[in-house]
Structures are given as C-alpha cells and as structure tokens.
Amino acid sequence: MTSVPSVWPTFVCRDAAAELRFLVEAFGFAERAVHRDGSTIEHAELTWGDGGVMVGTHRPDDPCGQPPGGASVHVVVTAPDALYDRAVAAGATVLRPIEDTDYGSRQFVVRDPEGNVWSFGTWYE
C-alpha cells in the first residue's frame with residue numbers, strides 16, 4: 001500500500017489550468033489527478049516527493065472557498081539552486097533571491113502568477 005500524504009495545501013485559482021502548468025513547469029510538481037467540468041478544473045492533485053498540493057478553480061459561491069492568491073507554502077528541496085533557475089526561467093516573480101540563511105538553510109522565495117508565495121529551501125537541523 002502506498003502511503004498518502006497527510007497534509008495537502010489547497011489553492012483556489014482564477015485560472016487553475018494555467019496554475020497547474022506553472023507548478024509543473026516552474027517547480028517540477030507532477031500531476032496525480034485532474035477532474036474537470038468542461039474547461040473548469042474542479043479539483044486537481046499535484047505531487048512533490050511524498051507530499052502534494054490541491055488546485056481548483058475559484059468559485060465565489062463556495063462557502064468554504066478562500067480568495068485566490070493568498071497562500072504561502074514552504075517546500076523542502078535538496079537542490080535549491082537548480083530549482084531557483086528553473087522557477088525564474090518559467091516566470092516566477094522573485095521576492096527573495098537564492099541565499100544562505102543564518103539558520104542553516106539555502107533558500108529562495110517567489111510568487112506564482114496567481115499571487116501565492118512559495119519558499120523552497122534545504123532542511124536544517
């Protein structure tokens with residue numbers, strides 16, 4: 001039996017299809033499932049290592065929905081320099097360029113086209 005990640009950050013998007021393409025191209029997420037209603041993405045799952053995120057189209061009438069672009073997520077990586085170059089090449093907006101922190105992580109922070117903030121960095125003890 002494959003283990004299922006127990007935490008799934010969820011992103012609602014104005015253009016969920018574009019967000020999916022961006023997350024795959026810029027960061028290397030892998031599509032696990034995409035459920036559509038016509039051209040609208042109702043629910044999608046993207047994996048990253050043993051974790052993942054969910055993406056869907058924003059629906060103003062959804063009582064549980066959040067506004068698009070308000071999320072912030074940190075992702076642990078082993079090769080942040082290569083990922084930084086990939087993200088920048090794909091059009092991510094750099095908020096903090098790649099750097100070594102005083103707490104032992106090598107990391108960077110970018111914004112995706114929907115306005116979500118992503119930080120990627122090495123794990124520190």
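I'll start at a turn. Strands E7 and E8 form a hairpin with five residues between them, and Gly-115 in that turn has a positive phi of about 105°. Helices (H or I, at least four residues) and strands (E, at least two) are DSSP runs, numbered from the N terminus. Two strands count as paired if DSSP finds at least two bridges between them.

Some housekeeping. This is a predicted model, so local features need pLDDT of at least 70 and side-chain atom pairs count only at pLDDT 80 or more, while totals for chains, interfaces and linings use all residues. Residues are numbered from 1 along each chain as its sequence is written, and side-chain values use heavy atoms, with hydrogens and water left out.

Now the chain as a whole. There are two helices and eight strands, and along the sequence they follow the pattern β-α-β-β-β-β-α-β-β-β. The radius of gyration is 15 Å, close to the 14 Å that the globule rule gives for 125 residues, so the chain is as compact as a globular protein of that length. That radius is taken over C-alpha atoms, and the globule rule is 2.2 Å times the number of residues to the power 0.38. Along the principal axes, the C-alpha atoms fill a box of roughly 45 × 35 × 25 Å.

Four strands form an open sheet in the order E5-E8-E7-E6, with mixed pairing. Its edge strands are E5 and E6 (93-100), each pairing on one side only. Neighbouring strands here are turned by 10° against each other on average, direction ignored. For angles, axes are lines fitted to C-alpha atoms, for helices over the stretch in contact, and values run from 0 to 180 degrees between N-to-C directions.

E7 and E8 pair in the antiparallel sense over five bridges; Val-110 has Trp-118 in E8 as its bridge partner. E6 and E7 are also antiparallel, over five bridges, and there Arg-96 is partnered with Val-109 in E7. The hairpin of E6 and E7 has five residues between the strands, and its Gly-104 takes a positive phi near 95°.

Next slide: the other sheet. Its four strands run in the order E1-E4-E3-E2, open and with mixed pairing. The edges are E1 (10-13) and E2 (30-37), and each pairs on one side only. The twist averages 15° from one strand to the next.

E2 and E3 (residues 40-48) pair in the antiparallel sense over seven bridges. Glu-31 stands opposite Leu-46 in E3, and Arg-36 has Ile-41 in E3 as its bridge partner. Two residues separate E2 from E3 in their hairpin, where Gly-38 in the turn has a positive phi of about 70°.

What packs on this sheet? Helix H1 (residues 16-27) does, touching E1, E2, E3 and E4 (51-57), with its direction at about 15° to that of E3. Contact here means heavy atoms within 4.5 Å.

Buried means under 20% relative accessible area, exposed over 50%, partly exposed in between (1.4 Å probe, protein chains only).

Ala-71 is found between E4 and E5. Beyond its neighbours within four places in sequence, Ala-71 is in contact with Phe-11, Asn-116 and Val-117.

Last, the totals. Of the 125 residues, 38% count as buried. Among contacts between residues at least 6 apart in sequence, 53% join residues at least 24 apart. The accessible surface comes to about 7,300 Å², of which 51% belongs to carbon and sulfur atoms; the areas come from the Shrake-Rupley method with a 1.4 Å probe, and for residues only the protein chains shown count as cover.
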